[in-house]
Amino acid sequence: MDFCAIDFETATHDRSSACELGICMVQDSKIVETKTWLIKPPSFPYFNKFNVAVHGIQPDDVKDSPSFDEIWYEVEEMMYGTLMIAHNASFDAGVLRGCLDHYGMFKPNLNYLCSIQLAKKSWNYLPKYGLKHLAEYHQIQFKHHRAGDDAEACAKISLLAFEKLFLTSNEEVQEYMKLKIKKL
């Protein structure tokens, strides 16, 4: 299995307001790298207080950080040619689209899958499928609502789900989850 798990945190309700991005790279079913970037959003210095209450990232934390367009090429290189997985993927794919649109950048040809859908197929008896609940169920320790930690927890849960479903290759995932895999 080769994929990247991603997570965004945002400064406002605007999809282009990414203030943190985490990517966890998985190669041969092993986590090989997790990288996190603090990002200065277009709304800077404005951050919505509700968003700050969720992730704790303050405008001061990102004042010297690069904007999304300054990190995109490194991010794109990490993600190139791989399946993207996110927990509540419609949100993270929406933020990625919003950031790319804001900076007038081309969207990559990228397939993505929601780890919530994967978890529901793997553990259909659980009462809740939020990242925190799944992590607790699988005894995965992480700092919730920080992008790198969330991306890594998503990757670990996805690996456990693939194992439970006896999916051992990207081709098998593509076939098994074909109706759930979306294009960016």
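Helices (H or I, at least four residues) and strands (E, at least two) are DSSP runs, numbered from the N terminus. Helix 3 is followed by Gly81, whose phi is positive, near 75 degrees. This is a predicted model, in which local features need pLDDT of at least 70, side-chain atom pairs count only at pLDDT 80 or more, and totals for chains, interfaces and linings use all residues. Residues are numbered from 1 along each chain as its sequence is written, and side-chain values use heavy atoms, with hydrogens and water left out.

**Helix 3**

- Phe68, Ile71, Trp72, Val75, Met78 and Met79 are the buried residues of helix 3 (buried means under 20% relative accessible area, exposed over 50%, partly exposed in between, with a 1.4 Å probe and protein chains only).
- These buried residues fall within an arc of 130 degrees when seen down the axis of helix 3, so they line one face of the helix; the arc is that of the directions from the helix axis to the C-beta atoms.
- An α-helix has 3.6 residues a turn, so residues three or four places apart point the same way.
- Glu70, Tyr73 and Glu77 are exposed, on the face of helix 3 turned away from its buried side.
- The buried residues of helix 3 pack against strand 1 (3-10), strand 2 (18-27), strand 3 (30-38), strand 4 (83-86) and helix 4 (contact means heavy atoms within 4.5 Å).

**Aromatic pairs**

- The structure holds three aromatic pairs; rings of Phe, Tyr and Trp (its six-membered ring) pair if their centres lie within 6.5 Å, and planes under 30 degrees apart count as stacked, over 60 as edge-to-face and the rest as tilted.
- One of them joins Phe68 and Trp72, with ring centres 5.6 Å apart and planes at 25 degrees, so the pair is stacked.
- Phe68 and Trp72 both lie in helix 3 (residues 68-79), four residues apart, about one turn of the helix.
- Phe68 counts as buried at 1% relative accessibility, and Trp72 at 2%.
- Phe68 also forms a stacked aromatic pair with Tyr103, at 6.5 Å centre to centre and 25 degrees between the planes.
- Phe68 lies in helix 3 and Tyr103 in the loop between helix 4 and strand 5 (111-114), so this pair ties together parts that are 35 residues apart in sequence.
- Tyr103 is partly exposed, with a relative accessible area of 25%.
- Phe68, Trp72 and Tyr103 form one aromatic cluster.

**Asp92**

- Asp92 lies in helix 4 (residues 89-102).
- Not counting residues up to four places away in sequence, Asp92 touches Ile6, Asp7, Phe8, Ala86 and His87.
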